[in-house]
Amino acid sequence: MKNIIIGQYIPGSGFLYKLDPRTKIISVIVLMVAVFLLKSIVQLSIAMGLAILILIAGKISIIRIFRGLKPIFVLLIFTFVFQIFFNKEGALWVDETMTIGFVSITSMVLWTIIWRMLAKFKKFKMILFILYIGGLYLIMKYITYGTIFTTWQFLVYEKGVEMSFFVVIRLLIIITLSTVLTLTTKPTDLTQGIEKLMRPLKVIGISSEDFALIISISLRYIPTILDEANKIMLAQASRGADFAEGKLKDKIKQIISLLVPMFIIAFKRSEDLADAMESRNFVPGRERTRIHDLKLGRLDLLTGLATVLLLAGSILVRIYL
Amino acid sequence: MGIQFKQVNFSYTGMQKGYYEAIKDISLSIESKNEFITLVGQTGSGKSTLAQHMNALVFPTSGTLEIFGKKVTSKRDRHIKYNDIRQKVGLVFQFPEYQLFEETVEKDIMFGPLNFHKTEEEAKVLAKKALQMVGLNDNYLNRNPFNLSGGEKKRVSIAGILALDPEVLVLDEPTSGLDPKGKRQLMDLFKSIQEETGKSIIVITHDMDLVYEYAKRVLVLDKGNLVFDGSPEVLFRMNDLSKFHLDYPQTIRVLKGINERFNLSIDIYQKTVHDATAAIKRGLNS
Amino acid sequence: MGYLDIEHLYFQYSSKRMILKDINLSINQGEWIAILGHNGSGKSTLAKLIVGLLQPKEGRITVDGVDLLPENVYDIRKKIGIVFQNPDNQFVGVTVRDDIAFGMENLQVSKDDMLKKIDFYATKVGMQNFLDKEPSQLSGGQKQRIAIAGILAMQTDIIIFDEATSMLDPGSRAELMEYIKELHQEGLTIIMITHDIEEALYADKLVILKSGEIYQQGDIPTLLKHPEWFKEAYLELPTAIQIYYDLKQAGHDNQELEEYLWAFSSSK
Ligand SMILES: Nc1ncnc2c1ncn2[C@@H]1O[C@H](COP(=O)(O)OP(=O)(O)O)[C@@H](O)[C@H]1O
Ligand SMILES: Nc1ncnc2c1ncn2[C@@H]1O[C@H](COP(=O)(O)OP(=O)(O)O)[C@@H](O)[C@H]1O
Ligand SMILES: [Mg+2]
Ligand SMILES: [Mg+2]
């Protein structure tokens, strides 16, 4: 629970920090669209290169972005494997006969046990995982003796490999872009930017200011609520609620014992908060001045220009290549 | 038996702050019977963190903790049922709102016993008994805990822990937010529970008057360090308590003022108004 | 007529039970009054009525001669601010700066003006170096000081403190009281709601609330002459005064000592 990062903002001084949040939000969206227009691995690799250039120019540590990727590593691997297995277009690159028999299954089980035993070396988790998968492959390919139950063909096509790289690189670029946004923009500025960008929605009756206020209050209370959830969990654990074990029936009761206090406290808090806001003269929908005033500068213009150029570039590439 | 801390450290790994040493090198022993301890220190000194160690809700980052014969270290040991520790050492959190969730007081108090595999009937009996112990009559059993006053909610939340029949009862700032009458009634309640059942009781509080009057033993935390472990008589005889960010009890302050103003030598270490008055009379007569 | 007048005020929540009964109270500009009462005596309800968060069932409240009505509550709130009990539930901003700004934003103060006032009032409550901090990095006492700064920046005439110190430790509590004392010296009207007599002693005038009624009101020395009133209202007397009465009951007469004990409590 404690590892959830909410305000990913990390103070810094690169040019990305000096940009208006609106510029950043729009640029990121536009660039994402541009990335989706690209068709080949080469194009994407160039885009990836550009993304890394932005990081370098913005003095953002690549390692930090990498660390941010950790939680979605599984997703990346899954995407990769999925593409390799299920895309059956283009030239056939690999055609291996895989054997599943008594000996090979035993070996695989043994291999799994060894892998799990080594799993406590958390540092090498990734390497071990890759070794494990590789090992399974080798076992199925080469261990062909003993009673054989069945065989199957492991087929990898050109397009499969290409697509798996393609999808993963695209995902990487998109994640990098959005991380850059949240890493270099204070939550307050972000909501302010969203608010300003949503102004036009007033036409259809949505007040962008109220919306922004809701977002910023949510941002402000997320850490408090997580902290509270943790305390409630400890308080119920004190009464023997064991959230890890127990029968399903007990478990439901225990989850209720967590949810009810959370809701009750949330209601109480929202009442208090409404009182506090009202007593400080807040009236929904009424005109307010703002302490954070956004101003577009030359840097924003340049960034906007660069973004538009990149988009134009990818449109051209899409049409002519 | 009881609870033994041996050089226990604990650090929170927080979201932004990185990691934070909340308690440092704590060595301490708490008997399983007849203790009446108050745990004091300014906000953030680590009181709640220390309390949560006592029933294995959090595990030391380093050092060893022995709770009723079971070793608790930074590593979880699969052979230990940590839940059993929580039955031996009951911890009541500061806000009853953190734990009340059932539609009747009775069901809410039964939640604990049922978690420890008591039957429905046994749990009912325990709930009734626990409610009596906190000074509420049977009429409360069927009431909705959310419609009770702050003081009553607090009592019900304490009953919810007492129903587990723990040997040691730890209470995190039970008197905060109560008016002076409410505070005193609650402390009297803890005292009578302690005397009648022989359970050890540990109360976290900021109120030095209560510490002086009720505690047999005081633990003082300052910035995560255990800086004092002894009787209140010894603590309040120390010269410079502000170094621990603590005050002196009102009786001592008043009597000290009198001594200074009238050049007397009254024994200023009196716990109650009555004792203070008696001491003044003795002081004036001699 | 005072600056804030409450006449024959009655209030009940949705249930039948009358929570406040026939409240009459008059507060002058620059006064410091303490409202003392047991848990559940109706203190918070009264405070919410004064800032127009609740509407009276009967009776009226006037501020500076103007009736407090739903139509003009916005203008009246420019004159009265309130600091609530729970520091966490009234911090609206993502940062300290935002939070101090919140009330001013609602009053449509210009940005430059806001920045100046934020600096000024943050300094006043000793928080000038914390403007970019988030609430999770602040202690309860610091959050309460930010709440005060936010109200000062709205330039109200009255600040109500509804048990604003009750969730703080003694150190932060004493610190907060020092700031409040300073504000009072600068002419602000203070309404201090508390159940702690030691805290009420700072006031010029004491109002004792008991089960929804004003049980007694007057200046502190006068009320302290009636220990039975405190007992009746489920309250405690200051320790020095308790000793005074105890000595008296034991038939002890020592003029000087009595004066000293008396002064011990009223020297605040
Ligand atoms: N869940 C948590 N995550 C990170 N830091 C925490 C957490 N809980 C408490 N702390 C920090 O640990 C220190 C000690 O906290 P705590 O034990 O609650 O102190 P006390 O109860 O004496 O006020 C404080 O500085 C607090 O900010
Ligand atoms: N929102 C509410 N709805 C119904 N009853 C309430 C509400 N708030 C408070 N009460 C009741 O009103 C009485 C006075 O409460 P309150 O003004 O909060 O007292 P105090 O602040 O003196 O402790 C209490 O009996 C309480 O239960
Ligand atoms: Mg605590
Ligand atoms: Mg109240």
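**Chain interfaces and helix packing**

Two salt bridges are counted between chain C and chain B, a salt bridge being a side-chain nitrogen of Lys or Arg within 4 Å of a carboxyl oxygen of Asp or Glu. The model is predicted, so local features need pLDDT of at least 70 and side-chain atom pairs count only at pLDDT 80 or more, whereas totals for chains, interfaces and linings use all residues. Residues are numbered from 1 along each chain as its sequence is written, chains are lettered from A and ligands numbered from 1 in the order in which they are written, and side-chain values use heavy atoms, with hydrogens and water left out.

In one salt bridge, B:Arg184 pairs with C:Glu236, with 3.2 Å between the closest N and O atoms. Eight residue pairs, with both residues at pLDDT 80 or more, are in polar contact between chain C and chain B. A polar contact is a pair of N or O atoms within 3.5 Å; within protein, one must be able to donate a hydrogen and the other to accept it, and residues adjacent in sequence count only if both atoms are side-chain atoms. On the side of chain C that touches chain B, helix 10 (239–249) and helix 11 (255–266) of chain C each supply at least two residues; helices (H or I, at least four residues) and strands (E, at least two) are DSSP runs numbered from the N terminus. Helix 10 of chain C gives the most to this side, with six residues. By class, this side of chain C has 12 nonpolar, nine polar and six charged residues, where Ala, Val, Leu, Ile, Met, Phe, Trp, Tyr, Cys and Pro count as nonpolar, Asp, Glu, Lys and Arg as charged, and the others, Gly among them, as polar. The contact (heavy atoms within 4.5 Å) involves 27 residues of chain C and 29 residues of chain B. About 2,600 Å² is buried between the two chains, with 61% of it on carbon and sulfur atoms; buried area is the accessible area (1.4 Å probe) that two parts lose on being put together, summed over both.

Between chain A and chain C, 28 residues of chain A are in contact with 36 residues of chain C. The buried area is about 3,000 Å², and carbon and sulfur atoms give 53% of it. A:Arg280, A:Asn281 and A:Ile291 supply 30% of the area that chain A buries against chain C, more than any other three residues. Six salt bridges are found across this interface, including that of A:Arg288 with C:Glu105 (2.7 Å, N to O). The count of residue pairs in polar contact between chain A and chain C is 18, with both residues at pLDDT 80 or more. Helix 10 (208–237) and helix 11 (248–279) of chain A each supply at least two residues of the side of chain A that touches chain C. Helix 11 of chain A provides the largest share of that side, eight residues. The side of chain A that touches chain C divides into nine nonpolar, seven polar and 12 charged residues.

Over all chains, the structure holds 41 salt bridges. Within chain B, B:Glu167 and B:Lys88 meet through their side chains in a salt bridge (3.7 Å, N to O). This pair links distant parts of the chain, 79 residues apart: B:Lys88 lies in helix 2 (residues 82–88) of chain B, and B:Glu167 in the loop between helix 5 (150–162) and strand 7 (168–171) of chain B.
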